[in-house]
Amino acid sequence: MHHHGYLWTGPKERFDREALRRPPHPEPPPAPVSDADVKAEQLLKRYREVVAEFPASDLPPIETAYWLVKPHSLVRGTWGEAKEAASWLSERLAEYAPRFASERDRDTTRLARLVNAAVEQLHSGADVSYGFYLERPSYLSLAVVTCSPNGANTGLSCPVV
């Protein structure tokens, strides 16, 4: 078992585009029955767009495990031990904490508790995902995904880095 780290920052309104953060349904919608079936054609077109866009998008997926289908270039680090991965999280939290929109989120004791919880979660094979609103308004998404296999979705393959 090992872990991959992911980081995304960007405008809150882009992060809020949930349709691009959800994996496509495994089955496509039914094909239009006639040329006049405009709704079915639109639904099929949108499905094809999501199939193409979701794995290529840098947006954080709603389900953390789906980072594994994103481009390999988005992997910020790979670690064999949970403590190493949590250390990366700790460093990123310290780096971004001054920009957190909420004073509560900047609390160093709270951040230390998040890192300690991450060690336990990762050690047990679970994924970790934290998100923080930044100034402007922007958003920070940090995730560490357990790999080989992923506990939340064993069907996802590991990005070879």
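# Briefing on the predicted structure

In this structure, β3 and β4 run antiparallel and are joined by 7 bridges. The model is a predicted one. Its largest nonpolar core has 23 residues, and a second, separate core has 18. Across the whole structure, 8 salt bridges are found.

**Strand pairing around β4**

- β3 and β4 form a hairpin, with 3 residues between the two strands. Within the turn, Arg136 has a positive phi of about 110°.
- Gly131 has Ser141 of β4 as its bridge partner.
- β4 also pairs with strand β1, which spans residues 2–11. This pairing is antiparallel and extends over 10 bridges.
- Thr9 has Leu140 of β4 as its bridge partner.

**The two faces of β4**

- β4 is mostly covered, as 10 of its 10 residues are buried.
- In a regular strand, side chains alternate between the two faces of the sheet.
- Ser138, Leu140, Leu142, Val144 and Thr146 point one way from β4. Tyr139, Ser141, Ala143, Val145 and Cys147 point the other way, and the residues of both sets are all buried.

**Nonpolar cores**

- In the core of 23 residues, those with the most contacts inside it are Leu89, Phe100, Phe132 and Leu140.
- At least two residues of this core come from each of α3 (82–96), α5 (108–123), β3 (128–134) and β4 (138–147). The element that gives the most is α3, with 7 residues.
- Phe132 touches Leu93, Phe100, Asp105, Arg110, Leu111, Leu114, Ser138, Tyr139 and Leu140, leaving out residues up to four places away in sequence.

**Val119 in helix α5**

- Val119 lies in helix α5. Apart from neighbours within four places in sequence, Val119 is in contact with Ala82, Lys83 and Ala86.
- Val119 and Ala94 are 25 residues apart along the chain, and their C-alpha atoms are separated by 17 Å.

**Salt bridges**

- Side chains of opposite charge can pair when their charged atoms come close.
- Arg110 and Asp105, both among the residues touched by Phe132, meet through their side chains in a salt bridge of 3.2 Å, N to O. Arg110 counts as buried because its relative accessibility is 18%, under the 20% limit. Asp105 is likewise buried, with a relative accessible area of 11%.
- Glu95 forms a salt bridge with Arg92, and their closest N and O atoms are 2.9 Å apart. Both residues lie in helix α3, 3 residues apart, which is about one turn of the helix.
- Arg92 is buried at 18% relative accessible area, whereas Glu95 is partly exposed at 46%.
- Glu91, Arg92 and Glu95 are linked in a network of salt bridges.
- Glu18 and Arg22 form a salt bridge through their side chains, at 2.9 Å from N to O. Glu18 is partly exposed, with a relative accessible area of 39%, and Arg22 is partly exposed as well, at 43%.

Conventions. Residues numbered from 1 in each chain as written. Predicted model: local features only at pLDDT ≥ 70, side-chain atom pairs only at ≥ 80, totals over all residues. Heavy atoms only, no water. Core = buried A, V, L, I, M, F, W, Y, C linked by side-chain atoms within 4.5 Å. Buried < 20%, exposed > 50% of the residue type's maximum accessible area, 1.4 Å probe, protein only. Helix = DSSP H or I, 4+ residues; strand = E, 2+ residues; numbered from the N terminus. Contact = heavy atoms within 4.5 Å. Pairing = 2+ DSSP bridges. Salt bridge = Lys/Arg side-chain N within 4 Å of Asp/Glu carboxyl O.
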